[in-house]
Amino acid sequence: MMNLPLLWASILVPLAAALATLAAKKASAKSLATLNAASLAASAVLILYAYLAYGMRGLAFDPIYFRVDGIGLFALTMDSMVFAASFSIAAVTSVIAVYSLPYMRHRFEELKEEGAEFPGWRSYYFLYTLFALSMIGTVMSTNTIEFYLFLELTLIPSFLLIAFYGYGDRVKIAILYLIWTHIGALLFLIGALAVGSAVGFDFISLNTGFLVGLGEKLGPLAATAAALLVIGLAVKMAVLGLHIWLPYAHAEAPTPISALLSPNLIGIGGVMMYRIVYVLFPHTFAGFSQALYVWALATMIYGGLMALSQTDFKRLLAYSSVSQMGYMLLGLASLSAFGIAGAMLHYMVHAFGKALLFAVAGILIANLHGLRDITKMGGLASKMPYTAALALLGFMHITGIPPTVGIWSEYLIIRGAVEKALATSPAWYMGATLALLAGIGLSTAYAFLTMKRVFYGPLRESLREAREAPASYWAPLIVLAALGITAFILASPLIDPLVSQIGAVVGGV
Amino acid sequence: MEPLILAWLAPYLGTLLVMLLKDRGWKAKSAVAILSILTAALAATAAAWRVVEAGETIRWAVEWVPSLSVDIGVYFDGLSSLMALVVSWLSFLIAVYSYEYMEHEEGQTRYWIFFTFFVGSMMLLVLSDNLLTMFIGWEGTGLASYSLIGHWFSDEEEHWVGDPGRKALGKQMWFEPSHSGLRALVFTRLGDVGLIVGIATLHIAAGSTMFAAIAGGKWAPLLARSGVLLFFLWMLFLGAMAKSAQFPFHEWLVTAMTGPTSVSALIHAATMVKAGVYFFLRFAPFLVAAAYVLQGAVPGGAHTVAAFLQWMALIGGFTAFMLATMALVSRELKLILAFSTASQLGYMFLGAAAGTLVEGGLGGMYTGFAHLASHAIFKATLFLAAGAVIHAVHSRFIDDMGGLWEKMKITATSFILASLSLAGLPPFMGYWTKDEIIHISFQGALWVPAILSWVTAGLTAAYIARAFTRVFFGDKHWHVKEPHEPGPYMWAPYLTLGSLSLLLGIAWPLIAPTVEETLKHSMGVAALEVTLAPHLEAPLVPESTLLLALTALLATIYIYGVKRADLYAAAVKSRAWAALHAFLYDRWYVNSIYYWVFVDGTKALATLLKKYFDQLVIDNFYHKALPAATLWAVNFTANVLEKDWDALLHKHLVDAFKKAWRAFRSLQTGQLSDYIAYMWIGISLVVLLLCLVMGCKP
Amino acid sequence: MNTPETIFAAAIAALGAPILLIPFAKDKRKAWLAAQAAIIAAGAAVAALATQWPGAPLFGGEGEVDILSMAILLIGLLDTLLAVHGTLDSMKGFPDPPGFYAVTLLAALGILGLSVSNTMILFMTSWILFSVASFALVALPKDKYSVTSAVKYAIMGSASSTLLFLSFGIMLFLSGSLHFVQARFASYKLLSTVLLFLLAAVGFKMGVFPFHAWLPDTYGEADPIPIALISSMAKIAGILALYRAAKIIAGPLGWDWLLIVAAFSIATMFYGNITALLQGELQRLLAYSSIAQAGYLLVGIAGLSLVPGINKDWVYYGIAFQLIAYAFAKTGTFLTARTVRAAGEAPAKLEALAGLYQEHPVLAASFATLILSLMGMPPLAGFWGKLYLFLSVVAAAPWLTAIALINAGIAAAYYARAIKAVYFAQGKGSFTAPPSLKRAVIACAAATLAAGAIPFLLAP
């Protein structure tokens, strides 16, 4: 138990900023950006402190919690997994809040030219920060209903942000997004209710920590309930077959929001798949693991292939997210402490990397007259060296090339996947290896092919006038890249607690 | 803190410093970079001295990620200290060369950043005591190589490789820097996936990623019993094969020549491509140990290891032969050297495999390392000198050279010295090391690779003789006013290295035992009783090889230098010869086949999936079929329930009632609302339903 | 008379006296104030009863202070208060505003009676009182839409009341007592019939499929002001009736109660949700949503059966919560519908809401909040209501929970359309939003939001 309510503070500080934003009728865009970014940065610092002081050693709880009759414990908790996710969210949202300032200024002008009606800065930052803080809340939950509550809370602001400021047929796409994720959440809720009514909604208890195997008490219903939870979360994650909403939503969202949606929001599905489904149903989940394993590999390869065939930069990145969720799912399906730790770490990797990449796509959109078509790009590195360098770092993250933290998560995931395959059968081992060759090969191919198509080669005639974007665009992103490199070097405080804490539940370390 | 850690840390610090100095001049940046590499070289020398002198191994490490048993530090044993010596000093000399060579080029900061980053990563790779840190260095070299190959990323034609406009089987055969960088990264990453799977497997089977835990081969029985040993070994070595450009991964190295020549010399001749060979050498004793452990434990297990080594030998021999044939016809000076590099890497693989089979871990290590070192020296010389030549004539094609001896004596001397070493003539260093490989292959009864390597010795002499003859002798074809010797920063390094090829060759009989003695202090080298291959007498092999090489060399010099024949013009007159020429010139069509199968195949698959699965099935299902079904349901409810049902109940039935009521008009007056009828019918239906379900007996 | 009876009598007087006096008021504002005062007074009395004398008998067993009923009654009174508050400036064209308030109080009095009834006589009297008052309410605007709607409503209502009396008759026959006591010699078939008649009778009021036919017409066509009042009151009356009946026959019926009610519930949810999907008119959309919400409430009624695995506390909590969500949401949204529909005009299209958020941002946000509550979005009241309702039966009938949740998913689509109409539709509507109406809608939204905190404060 922590001495101070650090975790509540990490949510309430941004909330206060959001409410202040709403109230500050006369504040300038710049001061709103500063306020919201600072509040989220404060949240990141609080999370970091809570982790270093408490969460590294194991589950630590915020001293303030509620008990709701029939539903259970509403507490906030911190451990290595929560840290990987919540710190990523806070850090990324803080950086992107700064980045939003020039980007959205440009977007607002565009919308004005379109003649669209849209609410201004206050609404933007209010919704933005609300979205961010509810994402932070999701991963700190100790109870399925609490998680569901935060999850649905993310939905409305993100929906409105897409619908107000998105591209293309934004309202239609926002509704598509709303309905899809709502359906995912409801499938999850059906499963959660089935579990909750029988054994309670908590998956973490104040006294005993993770309630491992609690859900198995459901008997024959356990498999159905666990399957519903998995599928509900898989919709959120956009795993192959359930992914189709993602390219629309993530490609057409205003770019700063894509940078939040794509890595942060969907990854929550993966984190919670372990924290809820595995913890409550270790045996049932183990029963699913082979199917999930194949599903994960298929998602990886499929997402990679789709990314290769895109010509729209943002859509390409969106499909890349699908592929990345395949990596995460593979780690989870391995049932190995290393693999699962890898999945959790990959959350962070993907958060930093994909946020960088979406931000880069946004820089191109904002500074090159809405340019999104890769076939019309080329040679931009000579004009935009910083942007190109950031894109390279982004791709290095998601393809696992040092010195970015990506290499650790990639190794951990493969380590888990190999362990599982080796324990299954020789054919499985060989098949998995070949699928990994294809999957990671495709990731490398689309990542660096995109680098080549966008930034290298002769400069396009139509881009003669291009020049480096103002520093207000790319300077904040350096923080993300630096975080990714720092995490690579200081890997031990990240990986060791992950492996040991997950290993304590999963075994086999 | 162990100061020897500077062996890899110093170049990394150099990277940071260069970044900080990005707005400063070329001199400052170069000084920082070169000094950082010199520091590394001195550290490596100090360590190697201790290892050679005292016969001790030096290990200093701190825990990095304990849960993965990953350490970071330095580990100097026999193999790694010798390797570090080669890498660091070559890097230093090439860095000095770069100072002049790159002075007027674009992207200077980027050049030094990735140059120093490369050296740091390579040294880290060599000096790691565990697989993961090694892998991090490994990937670092890949990244640096990607960036340096694509250094001139704006793809001006002068930086291309291949004949612009040429196609083979419909696929383009010229490559821009950005394209080559991509190829290099994708090819090597593909192999790296195998390597990382292999590392993970070892981590599981041995419980650690430390070399010390793996050296004993205790992991082998588990994998052999699981039935995945052979597959595992292939995967583990896939990274090495890709990095060292063994067939079928050789394609990337060839086109990597789009980078600055100094980079070709450093990365694609002297250091990075040797990483795969180094990995092989590192594992040679481990494989022997594994075979030893397997001997008693798992039937057929030791045989699997031997079979795998035989495969490696075959791949090495085949790569050596295949790439040498390509070098025979190439028109680009750097490309000839690139083919030659891959071919020589094939020799090294063959040597490491054959040596291990015949003489155990130490034998493999010695055979492989000796050629690695000699190749590093002569190939770096060749590339650096080639860079000077290309600079001088402003063309990468040998057709635009010739007769340069008069103008560039130092360069020509260095080039020819190194060429003779490559051709395997005594007393050059290449003679000793290549001869050893061919000899030991025959001894091990590895007939196919042995014969291939023997033939290749002749081809090698021929192609390199063709190269230097056409560049330095014969008619002048250059189009520049006055080709001239470069400055001392450039010629000093390659003159040094070229002379070294000769000097080391002369001294080799004296040095060789020291090298072998030093290598004995490598991890896992122990005399183990295990027979992996026969040990035959192979009489006349050295003599015949030398004779072949000498004949080929002299014949080629005669044809090109004295007769000044235009073989190409003669050859293309015959259809068969022209076809053979095209086959060799277009690299056995391997590149085209790759593009047809993999690139186009993937594209087609992606398009197909996009069109028929993502859009047709998934998208349509969710966003067309499903909404359509809902719409249908809505319409159904609206039309059937709400309209027809409504009509039925509110109109037809009411009409029926009305008719009935009309019949009873005398009794009933006034009209009821439509809904009354609906209600009664509704209730009646429900009661009826209830009756049906529960039975209607009272 | 003991204390509880006195207090109750005071509540009756508080509601009853103004009924007699208000018609003489000349000024609609005075009538409006008086009506609100009356409701507050009655509410205070009821609150006192519920907290101080839970379970106390009234008038020799005629009535009883039942906690759930009292809670429901309080919700109803509070909602009526807000609804009444919102009407002040929106009664243009109403021929007799004071009369309107008098009738409203009359309806409230009916509900008051229903909530304590322990005998059939009291119950039937109250039921009729409420029914007649609600018919009158709908008819009061006297435009052509309201009159047609009122007629439909009245005729259906009278017919359904007949069924109610019929079912009471059978109950009387079975138990031999006018009190709501459990039937002694339960004839299984007869009991099922009673339940069916009840569901038919009460279902008419609540809009249960297939007895819903009048509801879309009435809610969809009539002036939204009276609908804002009766939409919640009618549900409350229905729930109170079914709750009473459950006390008598749910026990003997056992699983059949659950199955029969669940069958109606499922049909109603599907029917309401699917039909709502493509409705183009705002009021009609709200009307079908009312039907769907009746289906959710029936899940709770199904949970009143005495089969193992059902947590009664959660059922009661869920019903009460869902009523909170429903009552405020419907009051608020129908009042909002008034802003785009002038008295006597044809019902407005959904698109008429376009531009609301620019004209009246707070009103638009309140409307959106209420729609989200109907949709079941946490942390609003609608979420907790559904959660506890669905949760209560999940162990006994997981399929029912699953179907209900699937319906909640379907519903998201048309609720999203409503939000879209407010925030994203092209064009600009014209709105008449007098201050009292705005206040009322905002208060509804605030109540819905605040209710989200109840689970943390007050356990089931």
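Buried area is the accessible area, found with a 1.4 Å probe, that two parts lose on being put together, summed over both. In this predicted model, that quantity can be followed first within one chain and then between two chains.

Chain B is divided into domain 1, residues 3-585, and domain 2, residues 593-694, and the centres of these two domains, taken over C-alpha atoms, are separated by 72 Å. The contact involves 9 residues of domain 1 of chain B and 5 residues of domain 2 of chain B.

What holds a place among the polar features of this boundary? Across the interface of domain 1 of chain B and domain 2 of chain B there is 1 salt bridge, and Lys171(B) forms a salt bridge with Asp600(B), in which the closest N and O atoms are 2.6 Å apart. Between the two domains of chain B there are also 5 residue pairs in polar contact, counting pairs with both residues at pLDDT 80 or more. On the side of domain 1 of chain B that touches domain 2 of chain B, helix 6 (residues 177-206) gives the most, with 3 residues, and by class this side has 5 nonpolar, 1 polar and 3 charged residues.

We now turn to the interface of chain C and chain A. The area buried between chain C and chain A is about 2,800 Å², and carbon and sulfur atoms give 84% of it. Leu405(C), Phe424(C) and Phe456(C) supply 22% of the area that chain C buries against chain A, which is more than any other three residues supply. In terms of residues, the contact takes 34 from chain C and 32 from chain A.

Between chain C and chain A the count is 0 salt bridges, and the rule likewise finds 0 residue pairs in polar contact across this interface, where both residues must be at pLDDT 80 or more. The elements of chain C that give two or more residues to the side touching chain A are helix 13 (356-359), helix 14 (361-375), helix 15 (381-394), helix 16 (398-423) and helix 18 (454-457). The largest share of this side, 12 residues, comes from helix 16 of chain C. Divided by class, the residues on the side of chain C that touches chain A are 29 nonpolar, 3 polar and 2 charged.

Terms used:
Residues numbered from 1 in each chain as written. Chains lettered and ligands numbered in written order. Predicted model: local features only at pLDDT ≥ 70, side-chain atom pairs only at ≥ 80, totals over all residues. Heavy atoms only, no water. Contact = heavy atoms within 4.5 Å. Salt bridge = Lys/Arg side-chain N within 4 Å of Asp/Glu carboxyl O. Polar contact = N/O pair within 3.5 Å; in protein donor to acceptor, adjacent residues only side chain to side chain. Helix = DSSP H or I, 4+ residues; strand = E, 2+ residues; numbered from the N terminus. Nonpolar A, V, L, I, M, F, W, Y, C, P; charged D, E, K, R; others polar. Domains from an automatic or database assignment.
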